[in-house]
Amino acid sequence: MKLILTAAVDHLGIAGDVVEVKDGYGRNYLLPRGYAIRWTRGAEKQIEGITRARDAREVRGNEHAVALRTQLEALDVELAARAADEGKLFGAVKAADIVAAIKKAGGPAVDKRAVTIAKPIKTVGDHKVGVKLTEAVTAHLPVKVVAA
């Protein structure tokens, strides 16, 4: 089965690569999780857009990672979530919610898989969240969760 990767997959490739995989692996793992799309002549035109988006999110080195870390740590990230009167959230804050809040606060584009939440965020208040930029550089930014 010929597929175009939309996200980096270990031991297979990065976003924008055209790969040949076994039918079951593509049908049961890559396609349902959104890691790939089927290769067609029409879909091949999307490769340029996928690689352009990957390059925009990509950290280009340690100096770039340190600059991104200072930019992220300077942000005032506020996230509105539905909560009860006593401050307990209905559900929990997910990594995708934090990425959207970072973007709304004027921060750079961050991959949701790079966000690490040490303890599930289930209450209103201030919380610390880590964003792994490279193996050596991790940004720890404060996130203020308020009741919506």
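A residue is called buried when its relative accessible area is under 20%, exposed when that value is over 50%, and partly exposed in between (1.4 Å probe, protein chains only). Helices (H or I, at least four residues) and strands (E, at least two) are DSSP runs numbered from the N terminus. The model is predicted: local features need pLDDT of at least 70, side-chain atom pairs count only at pLDDT 80 or more, and totals for chains, interfaces and linings use all residues. Residues are numbered from 1 along each chain as its sequence is written, and side-chain values use heavy atoms, with hydrogens and water left out.

**View 1. Overview of the predicted chain.**
The protein holds five helices and nine strands, which follow one another from the N terminus in the order β-β-α-β-α-α-α-β-β-α-β-β-β-β. The protein has 148 residues, of which 34% count as buried. Contact is defined as heavy atoms within 4.5 Å. Among contacts with a separation of 6 or more, 51% join residues 24 or more positions apart.

**View 2. Surface and charge of the protein.**
Accessible areas come from the Shrake-Rupley method with a 1.4 Å probe; for residues, only the protein chains shown count as cover. The accessible surface of the protein is about 9,300 Å², and carbon and sulfur atoms contribute 50% of that area. For charges, Lys and Arg count as positive and Asp and Glu as negative, while His and the chain ends are not counted. Each charge is placed at NZ of Lys, CZ of Arg, CG of Asp or CD of Glu. The protein carries 24 positive and 18 negative charges, and their mean positions are 5 Å apart.

**View 3. Helix α4 and its buried face.**
Helix α4 spans residues 62-73, twelve residues in total, and reaches 16 Å from its first C-alpha to its last, close to the 16 Å expected at 1.5 Å a residue. The expected span is 1.5 Å times one less than the number of residues. Ala65, Leu68 and Leu72 are the buried residues of α4. Viewed down the axis of α4, these residues fall within an arc of 65°, so they line one face of the helix. The arc is that of the directions from the helix axis to the C-beta atoms. An α-helix has 3.6 residues a turn, so residues three or four places apart point the same way. The cover over the buried residues of α4 includes α5 (95-104), β8 (125-132) and β9 (138-147). Ala65, a residue of α4, has a relative accessible area of 0%. Its C-alpha lies 9.0 Å from that of Ala139, 74 residues away in sequence.

Ala95, Ile98, Val99, Ala101 and Ile102 are the residues of α5 shown here as buried. Just after α5, Gly106 adopts a positive phi of about 95°.

Thr138 belongs to strand β9 and counts as partly exposed, at 26% relative accessibility. Arg69 is 69 residues from Thr138 along the chain, yet their C-alpha atoms are separated by 7.0 Å. Residues up to four places away in sequence being set aside, Thr138 touches Arg69, Glu73, Gly130, Val131, Lys132 and Leu133. Val145 also lies in strand β9 and is buried, at 1% relative accessibility. The C-alpha atoms of Val145 and Glu78 are 6.0 Å apart, across 67 residues of sequence. Beyond its neighbours within four places, Val145 is in contact with residues including Leu79, Leu89, Val93, Ile121 and His127.

**View 4. Ile50 in helix α3.**
Ile50 sits in helix α3 (residues 47-57) and is buried, at 16% relative accessibility. Apart from residues up to four places away in sequence, Ile50 touches Ile4, Leu5, Thr6, Ala15 and Gly16. Ala109, 59 residues from Ile50 in sequence, is 14 Å from it, C-alpha to C-alpha.

**View 5. The backbone at His11.**
His11 occupies the loop between β1 (2-5) and β2 (18-20). Its phi is positive, about 65°, although His11 is not a glycine. Most residues other than glycine have a negative phi. His11 is exposed, with a relative accessible area of 85%.
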